[in-house]
Amino acid sequence: MSHLSSPPQKQKGEHKGHSLPRGSDRGSSSRDKDRSATVNSSVPMPAGGKGSRPSCTSAPQKVPNRLINEKSPYLQQHAYNPVDWYPWGQEAFDKAKKENKPIFLSVGYSTCHWCHMMEEESFQNEEISRLLNEDFVSVKVDREERPDVDKVYMTFVQATSSGGGWPMNVWLTPNLQPFVGGTYFPPEDGLTRVGFRTVLLRIREQWKQNKNTLLENSQRVTTALVARSEISIGDRQLPPSAATMSSRCFQQLDEGYDEEYGGFAEAPKFPTPVILSFLFSYWLSHRLTQDGSRAQQMALHTLKMMANGGIRDHVGQGFHRYSTDRQWQVPHFEKMLYDQAQLAVAYSQAFQISGDEFYSEVAKGILQYVTRSLSHRSGGFYSAEDADSAPERGMRPREGAFYVWTTKEVQQLLPDSVLGASEPLTSGQLLMKHYGLTEAGNISSTQDPKGELHGQNVLTVRYSLELTAARFGLDVEAVQTLLNTGLEKIFQARKHRPKPHMDSKMLAAWNGLMVSGFAVTGAVLGSDRFISQATSGAKFLKRHMFDVASGRLKRTCYAGTGGTVEHSTPPCWGFLEDYAFVVRGLLDLYEASHESSWLEWALRLQDTQDRLFWDAQGGGYFCSEAELGAGLPLRLKDDQDGAEPSANSVSAHNLLRLHGLTGHKDWMDKCVCLLTAFSERMRRVPVALPEMVRALSAQQQTLKQIVICGDPQAKDTKALIQCVHSIYTPNKVLILADGDPSSFLSRQLPFLNSLRRLEDRATAYVYENQACSMPITEPCELRKLLHQ
């Protein structure tokens, strides 16, 4: 697949009425990639072909459109298009009704490669803009600001085309019901793909001649989508067997596993941390079986191959969005906050399980990248860095330009001779050998059809340190030092290149994930600095993304000038994923810092989440508030763990943990009800919900309550706490009992007041299946018990 010509394609049964290829998710969620797809509707469309990207962009229009007043970086990118864009809102809907015009809805995000292409090719095109302005009401949406709008219409696109991605372009009736949809369109027809101008002309004609048929078809499709997307308890009494669902999920992953390179697809390959998390949990429950060993091996091997591959930025750290090839070599160079957050946790867990410091170093590198490049000075975290950047100032952006290298550049940066080598050798030659750089470039023409990356290289670890050292007769330590020094020089040189665009929008959900990333990694590695950064992130959320009066989260805020933080007016209120991910972050932060104020806030947010999103009739949580999504044809419950976990999956874990931390039965009841509502989804395709299957196992196996009685600042207390954090124990809650009967946790769990320190030493108690262990004062004894 080429990330420069057209996104990955998969033929999966053509939609009647046309015979065009379309994008596919290859087993991942639709949010995983920006890609091209095709029109899907009952409107007959001619075949077309992909146009070429212009060599330069047209001059910006002097008069901005309405998007100039929006805070979203993505909407701002379109503020000088000649298209008469409206933001999502009543003004646009009223205009469509008054003028009896269809709505053209275009959805994307600011670091989306294919969104950039369509803007350059079509939305800056005067003729195409004139067609849009005369015959449609054009609405532009940032999918990261309004995931509810994105999910509803992506459901339509995927249901009618077997594909999805961004940019997503959908035509709606004035009542917001979809009737035609697709993703990337080239501006003009070609041999195999329909052009955007042709699509507009055909839809305009159909709207004038066959509007009633279009409206009837739209209503029929919408009704079918409502029925198809329903997730409800129905007449079920209990969720399915966790053992059965876990076994089936493991078998499906095992069947799709790439033995040689790791991962679970041919290409493109995504990190998908939810799968790795499931495999680690499965290993823990099946340690003495062959399947358990297999699960551990698959996860650790995948993480190692990813970390050695080009999907990891070996110069500046952090991970790119996905690999365009099976070997993890050539990435789609975009960097997303949610990937960094989840992968930091995955690599920390790999370190817990294996004891191999390779994994802990990768985790630390991820957090160093986030600290340096994705952090606001007030503690929040930015959303993403673009894949595209200019090779040199003033040049047209190209994908990956910031990250790739020629051998000439490396040789000039690292000309020093290596002393003691078995043959003449410079530090540049050593680095090029280890990371697979060649004079011709290590990016194949199949991944670079335009030749933009000819002669360029992506750094990918080709050999172990031992093999590289043996090849040149050097000590391993010397090679490690030389490589580290070389990478630092390359990193400093890279600072002078034009940087990729930064999406400085801050999302509550992704900030919640990043709080977890810092908190969990800090706890596992015993890093107070990382825990402090998690605390700063949580303080940012409470200060800038929480409305005290209503108890509601705000979805977004934005980096202003001079380090300020700005909000849209009116504010964009939080969605289910914002609450679920922030609550998870706060629970992880409590267990890392033992500051009960974070647990108190988590309980309050969970109460608000239950009030705004819980489905009292069908069970589970809706993705959006009823009022916020007024007018949308669907109110959905996300049922797939993809690039990010489903908010319902995370909520199931949160409810279990909150029950363990407070004893409130209502939250356990809600957890069981949620898992029951998703029973059919789990039974049908458990591999689509690995995080929920993991929650199902945790609920049926019950959580461990690990209580440490002691002074939080005392060495013996810290030793017991660090012992707990050093062991992979996912189905647990960690409680610090400081002996204060008036404390928040003592009020929630009165039994804590009956626990005593043994011989005035910090003492651990482990509760499981309504049984309590003997008091433990030695970390080695606690370790033995937790390993059982």
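This is a predicted model: local features need pLDDT of at least 70, side-chain atom pairs count only at pLDDT 80 or more; totals for chains, interfaces and linings use all residues.
## Cysteines

The disulfide is formed by Cys112 and Cys115, whose sulfur atoms lie 2.4 Å apart. The torsion about the S-S bond of Cys112 and Cys115 is about 80°, so this disulfide is right-handed, and both Cys112 and Cys115 are buried.

## Two buried residues

Tyr74 is found in helix H1, which covers residues 73-77, and it counts as buried because its relative accessibility is 1%. Leaving aside neighbours within four places in sequence, Tyr74 is in contact with Val107, Gly108, Tyr109, Ser110, Cys115, Lys140, Val141 and Asp142. One of these contacts, Cys115, is a partner in the disulfide with Cys112. Tyr74 and Glu145 are 71 residues apart along the chain, and their C-alpha atoms are separated by 9.7 Å.

Ser516 belongs to helix H17, spanning residues 508-525, and is buried, with a relative accessible area of 4%. When residues up to four places away in sequence are not counted, Ser516 touches Val345, Thr521, Arg584, Gly585 and Asp588. Among them, Arg584, Gly585 and Asp588 fall within the range of helix H19, residues 576-593, a helix that is taken up again in the next section.

The geometry of the two pairs is set out here.

| Helix pair | Residues | Angle | Axis separation |
|---|---|---|---|
| H4 and H6 | 126-135 and 196-209 | about 20° | 10 Å |
| H19 and H20 | 576-593 and 596-613 | roughly 160° | within 9 Å |

How are H4 and H6 oriented, roughly parallel or roughly antiparallel? With an angle of about 20° between them, H4 and H6 are therefore roughly parallel to each other, and H4 passes H6 in a left-handed crossing. On the H4 side the contact involves Glu127, Ile128, Leu131, Leu132 and Asp135, which meet Phe196, Arg197, Leu200, Leu201 and Arg204 in H6. By class, this contact of H4 with H6 has six nonpolar, no polar and four charged residues.

For the other pair, the axes of H19 and H20 cross at roughly 160°, and that makes H19 roughly antiparallel to H20. H19 passes H20 in a left-handed crossing. The residues of H19 that make the contact include Leu576, Tyr579, Val583, Leu586, Leu587 and Tyr590, while those of H20 include Trp598, Leu599, Trp601, Leu605, Gln609 and Phe613. By class, the contact of H19 with H20 has 16 nonpolar, five polar and no charged residues, whereas the contact of H4 with H6 has four charged residues.

Note on methods: Residues are numbered from 1 along each chain as its sequence is written. Side-chain values use heavy atoms; hydrogens and water are left out. Axes are lines fitted to C-alpha atoms, for helices over the stretch in contact, and angles run from 0 to 180 degrees between N-to-C directions. Helices (H or I, at least four residues) and strands (E, at least two) are DSSP runs, numbered from the N terminus. Angles under 35 degrees count as roughly parallel, over 145 as roughly antiparallel, 65 to 115 as roughly perpendicular and the rest as oblique. A crossing is left-handed if the near helix is turned anticlockwise from the far one by less than a right angle, and right-handed if clockwise. Contact means heavy atoms within 4.5 Å. Ala, Val, Leu, Ile, Met, Phe, Trp, Tyr, Cys and Pro count as nonpolar, Asp, Glu, Lys and Arg as charged, and the others, Gly among them, as polar. Buried means under 20% relative accessible area, exposed over 50%, partly exposed in between (1.4 Å probe, protein chains only). A disulfide is a pair of cysteine sulfur atoms within 2.5 Å.
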